[in-house]
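Q: I am new to this model and would like to learn how to read it. Could you take me through a few features?

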Amino acid sequence: METLKKFFSISLLFTFAIATFGQTMPQRDRAVRPLVCDVLIVGGTVVTMDGERRVIEDGAVAIKDGNIVKVGDRKSVTQNLTAKRTINAAGKAVIPGLINTHTHAAMSLFRGISDDLDLNDWLTKFIFPAEAKNVTEEFVRAGTRLALAEMVRGGTTTFCDMYYFEDAVAEETKKAGVRGVLGETIIKFPVADNKTPEAALAYTEKFIKKWKNDPLIVPAAAPHAPYTLDTATLKSIREQSDRLNSAVIIHVAETKKERDDILSQYGKTPAAYLDSIGFLSDRTIAAHSIWLTPDEIDIYKMRGVGVAHNPQSNMKLASGVAPVPAMLAAGVAVGIGTDGAASNNDLDMWDEMDTAAKLHKLTSNDPKTLPAEQVFEMATIGGARALHLDGITGSLEVGKRADIAIVDLDSLNQVPYYNIYSALVYSTKAADVRTVIINGRVVMLNRRLLTLNESVIKKDANAYRNKIILSLKQ
Ligand SMILES: [Zn+2]
């Protein structure tokens, strides 16, 4: 018995020793075992757009499970790290993917259909009739694919969309591996997918619930504008947004006519009117916002509204100049958008940055207005803030999703360069973007699109062109 006891206590001790040994070993192991990341971008100038605005020469970014796990100088990042795949970015800029805060992707099929008109004539004489005769779910899919290809090629990794058949937009966007805040349009007249605002609201409800937890798609409602919906519908949309905790995209104060009409109808200017009916919140994304009063800028700040500034579309339609410097000074989150390709006529965020920087210098008569760094901020982390997505994207920081563009710095239009923000905002073109990663996935490598078929996309677009021309003759 005594022997048996002894045996048990010895074996117990032995088990304990193994258990302890077993516990300590992996710990010691972990200290030396390198971190295995999925993608390592190494070399190049890493423009983080983090809180300290770090720009790291000969930097590196490590990505694992779609997240940025390390960012810093090459030595500190690569120490004790191995990568399944390495991308050499020497001599290039590694930047947060650009954020297009306002577009109508499928409208790329209407690129150049009519130009040089004011918004009212452009919409009522061309766009609305062309849409009525042509927009189907297939049209939206083809147009969205065209837009996605153009955006990825230009380094855009997140876009904010407003159109019809948004569920199809979401499917195409997810397939392409692009991040999107996608809003189903709600408007007072019958449109391709929904014949009434009530039907559009029901569609939106289903759409938001379906996509709510998707890693790439942020589903939203997109009431077209204060002048194309009644107060009761706008209130229902706010109620839905509260209930589903979902974003709301709307055009606000795009033209002087809208401002004057809303003022005479409701006794308040557009943003003040929207606020008076309880519509604005920190989930609202307001496009344009050109004809704002200083009080309305304060309302935006107070409510946490994000703004999408679309300088080229606003210039082309002669809608006016949004008070961007005043909004930024008030602490409003302002991003940059291209608007749809029908009124721009491209989805090129580089062009748009360049225009934003110059437009506000001209109108303020002060070349110090909107310096390059501030404009680059609007196209990255500022845009993420405007879309209420700055928790996950917009900068290269540990813990954020890996939405990254690698950009050449040695094209003829870029050499020599002295200041990285100047080079990016004033000299770089969309064609200088080389590689794009979204949510950790490489979607363009050395200018080759990996998730979208460029030749099929172009063929489809040209076929739609012929169909659209015929439809407008009928
Ligand atoms: Zn728009």
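**Reading the zinc site and the core**

A: Let's begin with burial: His 251 and Asp 339 are both buried (under 20% relative accessible area with a 1.4 Å probe, protein chains only; exposed is over 50%, partly exposed in between). This is a predicted model, in which local features need pLDDT of at least 70 and side-chain atom pairs pLDDT 80 or more, while totals for chains, interfaces and linings use all residues. Residues are numbered from 1 along each chain, and side-chain values use heavy atoms, without hydrogens and water.

Q: Which residues coordinate the zinc ion?

A: Donors are N, O and S atoms within 2.8 Å of the metal (3.2 Å for Na, K and Ca); water is not among the atoms, so sites may look incomplete. Here His 102, His 104 and His 251 each use NE2, and Asp 339 uses OD, at 2.1 to 2.7 Å. His 251 sits in strand β12 and Asp 339 in the loop between β15 and α13, so this pair links parts 88 residues apart in sequence. Strands (E, at least two residues) and helices (H or I, at least four) are DSSP runs, numbered from the N terminus.

Q: What is a nonpolar core, and how many residues has the largest one?

A: It is a set of buried Ala, Val, Leu, Ile, Met, Phe, Trp, Tyr and Cys residues joined through side-chain atoms within 4.5 Å. The largest has 123 residues, and Ile 95, Tyr 300 and Phe 376 have the most contacts inside it. Helix α4 gives the most to this core, with nine residues. Apart from it lies another core of 17 residues, including Val 61 and Ile 406.
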